[in-house]
Protein chains: 4
Amino acid sequence: MTIKVAINGYGTIGKRVADAVSLQDDMEICGVTKRRPTYEAKMAVKSGFPFYAAEKEFVSGFEAEKIPVQGTLKDLLQEADIVIDCTPKKSGYKAIYENAGKKAIFQGGEKHDLTGMSFNAMANYEQAIGADYVRVVSCNTTGLCRTLYPLDSTFGIENVTAVMIRRGADPWDSKSGPINAIEPVLKVPSHHGPDVQSVMPDLNIQTTAVKVPTTIMHLHSVVARLKGEVTTEDVIEKWDKTPRVRFVCAKHGIKSTAQIMELAKDLGKKRSDLFEIAIWRDGVHVVDNVLYYYQAIHQEADVVPENIDAIRAMCNLEKDKMKSIKKTDEAMGIC
Amino acid sequence: MTIKVAINGYGTIGKRVADAVSLQDDMEICGVTKRRPTYEAKMAVKSGFPFYAAEKEFVSGFEAEKIPVQGTLKDLLQEADIVIDCTPKKSGYKAIYENAGKKAIFQGGEKHDLTGMSFNAMANYEQAIGADYVRVVSCNTTGLCRTLYPLDSTFGIENVTAVMIRRGADPWDSKSGPINAIEPVLKVPSHHGPDVQSVMPDLNIQTTAVKVPTTIMHLHSVVARLKGEVTTEDVIEKWDKTPRVRFVCAKHGIKSTAQIMELAKDLGKKRSDLFEIAIWRDGVHVVDNVLYYYQAIHQEADVVPENIDAIRAMCNLEKDKMKSIKKTDEAMGIC
Amino acid sequence: MTIKVAINGYGTIGKRVADAVSLQDDMEICGVTKRRPTYEAKMAVKSGFPFYAAEKEFVSGFEAEKIPVQGTLKDLLQEADIVIDCTPKKSGYKAIYENAGKKAIFQGGEKHDLTGMSFNAMANYEQAIGADYVRVVSCNTTGLCRTLYPLDSTFGIENVTAVMIRRGADPWDSKSGPINAIEPVLKVPSHHGPDVQSVMPDLNIQTTAVKVPTTIMHLHSVVARLKGEVTTEDVIEKWDKTPRVRFVCAKHGIKSTAQIMELAKDLGKKRSDLFEIAIWRDGVHVVDNVLYYYQAIHQEADVVPENIDAIRAMCNLEKDKMKSIKKTDEAMGIC
Amino acid sequence: MTIKVAINGYGTIGKRVADAVSLQDDMEICGVTKRRPTYEAKMAVKSGFPFYAAEKEFVSGFEAEKIPVQGTLKDLLQEADIVIDCTPKKSGYKAIYENAGKKAIFQGGEKHDLTGMSFNAMANYEQAIGADYVRVVSCNTTGLCRTLYPLDSTFGIENVTAVMIRRGADPWDSKSGPINAIEPVLKVPSHHGPDVQSVMPDLNIQTTAVKVPTTIMHLHSVVARLKGEVTTEDVIEKWDKTPRVRFVCAKHGIKSTAQIMELAKDLGKKRSDLFEIAIWRDGVHVVDNVLYYYQAIHQEADVVPENIDAIRAMCNLEKDKMKSIKKTDEAMGIC
C-alpha cells in the first residue's frame, strides 16, 4: 500500500516535505496547495505535483497566470490518506482536516495542545504510532532533541542551559531584519525549553534566545551537566552513532555556519539542504562532567525527515523507529 | 575521442567546472588539485575525482588527514589534454602548463594579456577555436556580455553605462566584509568596462562599481542607448531567444536577489547554482531608445558553462558556437 | 522677533530639526508632539521641549508612563508661528494646520502637489519666501540638488544618470531588511529623478535605485554630461566653495560609508550627524566632458539645515539665501 | 597638580580616552601619537592635541600630508606622567615606557601577565593605587565585572554561565566580516571567563562566545546562580544604585541593540558613545535563585571611564574608588 500524502501549503517546509515524500517507496504526493501565483507555484506545477488552490478565492489568481488548478484543498483531501499542514502558524485548518476525516501533521509553529503529541523520531516515535494528529516540533527544538535525547538516554542529564542564536530571516525573505542589531528574547525561558519538554518531559532545560542578522542557520551554545562520569570521547562516540547528527571540524576549514552551508552545497542534496544537525567536533568539551558544545541548525530542512517518520508511524507503516529512520535517511541520501 | 580535463584548484570555480565537465559526453575529468586538507578536499575525493596535491609541499598535509593523493600537479598534467586554471589570480602557473605542452584556460581574475584571448561563448567562440590559451572573463563581465552582445549584434548599441552593485564576499567566506557599509570603486571606469571591451572591442561602455554587504549575487543597473527604433518588446523578444539569460518577475514574487537564489534552489541544480543571467522582465524599459534594465549574477556559477564551451572550441570538438552552447546547456540542464 | 516653531512628530527627523532650531537665535521650539510613550518621548521631555500628545487618544498612554503632557497638537498649534510636519508620509495633517491658520513645512515623503513648492536652499530659496506651505525634498533628492545645482548653474548640465544605492533601514530600525539581498526599484525612472525636477525643473536627469543591507548611508553613483569644456579641477573647485558639500578622500582612509560615519563621530555633532553631502574627492573624474562622481548621504541628517532655511524664508526672516545658509550653518557648526 | 597624560595610539580607544581626560580637572593630555596620516590624524590635530609620530619612520608620511608633528613617542614620553597604551595588542611598547621611567596603562587586548594587575574600578580600584603598570580589561570583561561584582559582593554568586554574542567588526571597519554567518569560539571556556577571574579571582564563571554580523554592540546572555534568597527586585534595586549600569526597557521601544545605540545618540555624548552597560530591565528574571539577564556592551566606549579611574589610582590622585568613579562620571556626563 502506498500512502497518499497531501501538502497544504507549498512553501519553505511544504516543498521540501513534498520532495522527501517523493523519494520514499511507501508514500506518494497526491497534491499540494498554494494561495498565490508565485514562482514557487509555477515550480510546483513544473515538478509534476497535482496542484490545488488552498481556497476557492485563490483559483482566479492562478488562472490569471495560466497556472492550471485541479481544485481546492477540499477536493485534495478526498484523495489523501494524510495531510501535512505547512501553512503559517495558527492558520486554523485542523477542523477542516477533521471534517474530512483525515490524519494530519502540523509543524512546530503550532502549540503542543493542538495535537497533544509533539514528535521527534528518536525521542518518541512510538507515541505517534496510529495517532491522528501529530505536531513535528520546530527546527530549533528538533535540533535540541536530536543531540540531547541520546545523551539523556545513555548517560543521564542533570540539567541543560542552551542559548539559541537565531537567524533573523530565511534566505528568501528580503523584508525582515535586523540588518545591524542583536535582539534578545526577554521572556525567560524562551519558548524553546518548554518546547523540548513537550517531547522529553523529564528534561531539566533552560533556554534563552537572541536574533541576529544572518539568514542561513541558527546556532546553539549548549551547556549540559551530565550524570555520572562521562568523557568528551564518550559523548563524541555516542553522537557518532546517532542518526541525523553530523560532525564538522574547524581544522578542516569549517569555522562558521557559512562553511557548513558550503559543505551542504557540495553534498549535493536538492536546494543544498542539510537535514542533519551539525556539531563542531572540536567544540565538544566535557569538563568536570559539564558538557559544552555548539550545534548549527539548517532551519529550512532539519524537520523534513521527521515529517516522513511521523507519516510512517501515524499510518502504521512501520513500528520500529530505527527502521523508519534508516529507511527515510537512505531514501533521502542522509548518511 | 574524450578530452581529458585537469582542474588546477578545486575551489569555488574549480569544483563547479569539474562537475560540469563530468556531465558532458565529449570530455572527462582526469584529476583535480588542491593545497590544503579541507572539507572541500575530502568532498573532491568522495566525488570520485582523481586527487592530486597542487605542489609537492602539500602532500604531507593531505597524508596527515588520510586523504589519498595520486601525485602532484606535474603528474596530473601528463594525463591531461587541457588544464583549467582555477587558482587564485596571479598564481603564475602558465609557465608550468607551457612546459608540459598543455592547453590551458584561465579565469577572469587574470589580465587579458596573459592569453591575448578573452572568451564569451556567444560573443567570440570562433576566436577560441584551436587556441592554446584562453581566459574566460569574470562573472560580471560574462553577465554584461551575455545581455549586451545580442542587443549590439541585433540593434546596435550607441553607448552603455552600467553600475555594478557587487556582493562583498562569497557565501562560504566568513572573513571578508563589509558588514555594514557601501564601498565605491573610485577608479573610473571600473575594470569591468575595459574587460567587456576585451571581448567586444567596439562597444562604447562605461562602468562604475560599489561593494555592498551581501554574499549571494551581484546586481547590475544598466542604461544602454540603442541605435535606431527599438521597443521594450523587441528587447525582451531578443533576450527570450538568447541562451543563458533567464527572465524573472517581481509580480511572481521575485523582488530581490534573495528570491532569485530561492528559485535557483527550486530548479534543483547541484549547489543550487544559477548558470544563467537573471533579468527582471518587469524592469526592462525602453524610453526614447534608451534601454534600462537590471540583471543579477550568480558570481560562483555563471562562468561555468563558458569554461565548457571554451574547452570544446580550443580542442576542436565543435566549430559551431550555437551547437556547443546547446550541447553544454542540455547536459547541464540549463533551459 | 523670535519665530515659534512646533514639531509635529518627534522622531528621526523631528528631533533633529528641534535641536537645530534651538541652536538658532531667530527661532525657538514652542513644543513637540509624539504618539507613544517611548524612550524618545522621555528624551524629548528631558531635553526641555514642551511636550504634547499628537492626538487626544494618546494622552493616557503618556500618563501611564508618567510622561507629563502639556496638551495636544491643537493646543500646541495655538502657540506656534509655523509647524514642521515630521510625521510618517501621508499622515494627512495639512487640513489641521490650515484650520489653525499656521504655515507648515512637510518632508520629502510627501508628494510635490501637497504644497506646490519643493525646497532646496541653494536651488530655489527665493521661491519659499513668504510661502505658507513648503516641502523640503527627501534626503536623496537633497543630496542630488546640493551637488548638481552648482554644476548646472555654473557649467550647464546636458544630462545626468544617477544610481541610488539605498540603505535598507535606518540604524534604529531592527525590523526591516533585507539582511542578505539586493532589491532593485523596477519602475524607471525611480521617483528620485522627477523629484529632483520638482526643484530643478529643467534638469535632464534619469535615476534608478536599489536597496542594500546597510543602515548608515545612501550612496549615489552619478554620471553627468556637462556643457562646454570643464575639467576635474573646475568641478572640485566649484564644490569646494559650495556650502553643505564635504570632500572625503580614500587616501586618508575613507574608503566606504563606514569611515564617513566615523569621521562624523569625530566631528562631534549631536547624534554624530553629518549634515553635509560627502563626495569622494579621489572619485571625481571628468573624461571627455563626462563627470563621474560618488556621493554619500546621511539620510537622517542632510535635510535638517534645509528645514531651518525654509523656516527663515517662509517667515520672512531673511531674503538672501546665502545669508540664511551661512547663519544656519554657523549655528549648527557646519563648516 | 595636573597629571600629564600621553596617548600612544590615537584610534578607537585612544581618541575616546583623550577626550575623557580633557574633561577632567585633575589631568590633561600632553600629546597623542599616530602612525598614518589618516582623517583621524587630521581630526586629532583639529582637536588641539599636541601631535606626535609613533615612530621616526612615520614622520615623513605626516609631512607629506601637511600634518604638523611635534616629535616622536620618545619626545612625548618626556612630557608625560603616565602613558595610555592604545596600540593594537602585542605592540610591545612596555620596554619603551619602562626605559622612560613612566607609568603605563594597557588595554584588554594584552595578557594579564604583562602588568600583573587587571583593573575594574568597582571591583579592585584599591589594588591599582600607586601601581606602575595596569591593564584595563576588555570591553566584554568590563561589562561582566560591572554587573557581576555588585551581585557577588552583595548576595554571593554560586556560579555564572555567560554567552557572549560578539559584533563581527567595529562600525568603522569595512574590511572584516562575517557578512552572513555565525562563528563560534570553539575553545571552551572562551577567554572571557578567565579574564573576569583576573579581576574577580574567586568567581566561578564559564563563558562561551560566538561572532555575528553586526557592528554596533556585543550582547551577553547571562545565567547566574545566586547564594541565598534573592528576588528579581533585589537584583534590580542593587543595579539601580550601581554606577555605569543603565536600564533599558522593551516596553519603551528598546527591543534590540539598534535602539540602545539610538538612545545613546539622543543622550548627546561625543561620538554617540554609551559608557554604561545596558541591561534590559524587563529581561531580568530570578527563578529559584537563578538569575537570567541580558546586557549590551558598546565595545568602543565602556572601558573609557575605567581608564580615567586607573590614572587616578595609579597617580595617587584619589584613594576612594567611589569618589573617583563619581568624579569621572560627572565630568563625562554619565548619570
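In chain B of this predicted model, strand E9 (residues 183-184) runs antiparallel to strand E10 and is joined to E10(B) by two bridges, where strands are DSSP runs (E) of at least two residues, helices are DSSP runs (H or I) of at least four, and both are numbered from the N terminus; two strands are taken to pair if DSSP finds at least two bridges between them. Within this pairing, B:Pro184 stands opposite B:Val210 of E10(B). Strand E8 (residues 157-167) of chain B also pairs with E10(B), here in the parallel sense and over eight bridges, and the bridge partner of B:Arg167 in E10(B) is B:Val212.

Eight of the eight residues of strand E10 (residues 205-212) of chain B are buried, so the strand is largely enclosed by the rest of the structure; a residue counts as buried if 20 or more other C-beta atoms lie within 10 Å of its own, as exposed if 12 or fewer do, and as partly exposed in between, with C-beta atoms placed from the backbone. In a regular strand, side chains alternate between the two faces of the sheet. Both faces of E10(B) are covered, with B:Ile205, B:Thr207, B:Ala209 and B:Lys211 buried on one side and B:Gln206, B:Thr208, B:Val210 and B:Val212 buried on the other.

Residues are numbered from 1 along each chain as its sequence is written, while chains are lettered from A and ligands numbered from 1 in the order in which they are written. Because the model is predicted, local features need pLDDT of at least 70 and side-chain atom pairs count only at pLDDT 80 or more, whereas totals for chains, interfaces and linings use all residues.

Chain A contains twelve helices and 15 strands. Its radius of gyration is 20 Å, close to the 20 Å that the globule rule gives for 335 residues, so chain A is as compact as a globular protein of that length; the radius is taken over C-alpha atoms, and the rule is 2.2 Å times the number of residues to the power 0.38. Along the principal axes, the C-alpha atoms of chain A fill a box of roughly 65 × 45 × 40 Å. Of the 335 residues of chain A, 61% count as buried. Among the contacts in chain A with a separation of 6 or more, 68% are between residues 24 or more positions apart, two residues being in contact if their C-beta atoms, placed from the backbone, lie within 7 Å.

Chain A is divided into domain 1 (3-137 + 303-332) and domain 2 (139-297), with bounds that come from an automatic or database domain assignment. The centres of the two domains of chain A, taken over C-alpha atoms, are separated by 26 Å, and 18 residues of domain 1 are in contact with 18 residues of domain 2. On the domain 1 side, the elements that give two or more residues are helix H1 (12-22), helix H6 (121-124), helix H11 (304-314) and helix H12 (321-332) of chain A. By class, this side has eight nonpolar, six polar and four charged residues, where Ala, Val, Leu, Ile, Met, Phe, Trp, Tyr, Cys and Pro count as nonpolar, Asp, Glu, Lys and Arg as charged, and the others, Gly among them, as polar.

The contact between chain A and chain D takes 34 residues from each chain. Elements that give two or more residues to the chain A side include strand E8 (157-167), strand E11 (218-226) and helix H10 (257-267) of chain A, while the largest share, four residues, comes from E10(A). The side of chain A that touches chain D has 20 nonpolar, eleven polar and three charged residues. A rotation of 180 degrees with 0.0 Å of shift along its axis superposes chain A on chain D with an RMSD of 0.0 Å, which is the relation of a two-fold axis; copies are superposed by least squares on the C-alpha atoms of residues with pLDDT of at least 70 in both. Of the residues of chain A, A:Pro213 comes closest to the rotation axis, at 2.9 Å (C-alpha).
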